[in-house]
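Try each task before you read its solution.

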Amino acid sequence: MKKQNTAQKISVVFAYVFYAFALVSIGAVAYFYQQHGGNHPAVAAWAAAIVFFVGGGVVLHVMGRADIPDFRIK
């Protein structure tokens with residue numbers, strides 16, 4: 001297992017938070033779709049939030065799991 005620094009560990013935690021928010025956004029899309037139909041602006045906004053949270057989660061996850069070398073001058 002490679003060693004992760006503190007920032008990488010925090011990045012992975014926030015990636016999981018983003019994934020959780022994406023799941024909440026999926027629920028919001030389903031709710032607003034049932035209440036108002038597919039043409040309501042709230043459905044489009046929550047669908048865009050899903051894309052944002054999943055994309056941000058993937059980026060944070062990759063940053064947190066990357067094998068970053070030590071750039072300090074020894």
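**Exercise 1.** Find which residues serine 25 touches, leaving out residues up to four places away in sequence.

*Solution.* Start with the rule: contact means heavy atoms within 4.5 Å. Serine 25 then touches Trp46, Ala49, Ile50 and Phe53. Helices here are DSSP runs (H or I, at least four residues), numbered from the N terminus. Residues are numbered from 1 along each chain as its sequence is written. The model is predicted, so local features need pLDDT of at least 70, side-chain atom pairs count only at pLDDT 80 or more, and totals for chains, interfaces and linings use all residues, while side-chain values use heavy atoms, without hydrogens and water.

**Exercise 2.** Decide whether serine 25 is buried or exposed.

*Solution.* Take the cut-offs: buried is under 20% relative accessible area, exposed is over 50%, and partly exposed is in between (1.4 Å probe, protein chains only). Serine 25 has 1%, so it is buried.

**Exercise 3.** List the residues of the largest nonpolar core.

*Solution.* Such a core is a set of buried Ala, Val, Leu, Ile, Met, Phe, Trp, Tyr and Cys residues joined through side-chain atoms within 4.5 Å. The six members are Ala15, Phe18, Ala22, Ala49, Phe53 and Leu60. H1 and helix H2 (41-65) each give two or more residues to this core. Now check one member: Phe53 touches Phe18, Phe21, Ala22 and Ser25, not counting residues up to four places away in sequence.

**Exercise 4.** Locate arginine 65 and classify its accessibility.

*Solution.* Arginine 65 sits in helix H2. Its relative accessibility is 35%, so arginine 65 is partly exposed. Its C-alpha atom is 7.0 Å from that of glutamine 8, 57 residues apart along the chain.
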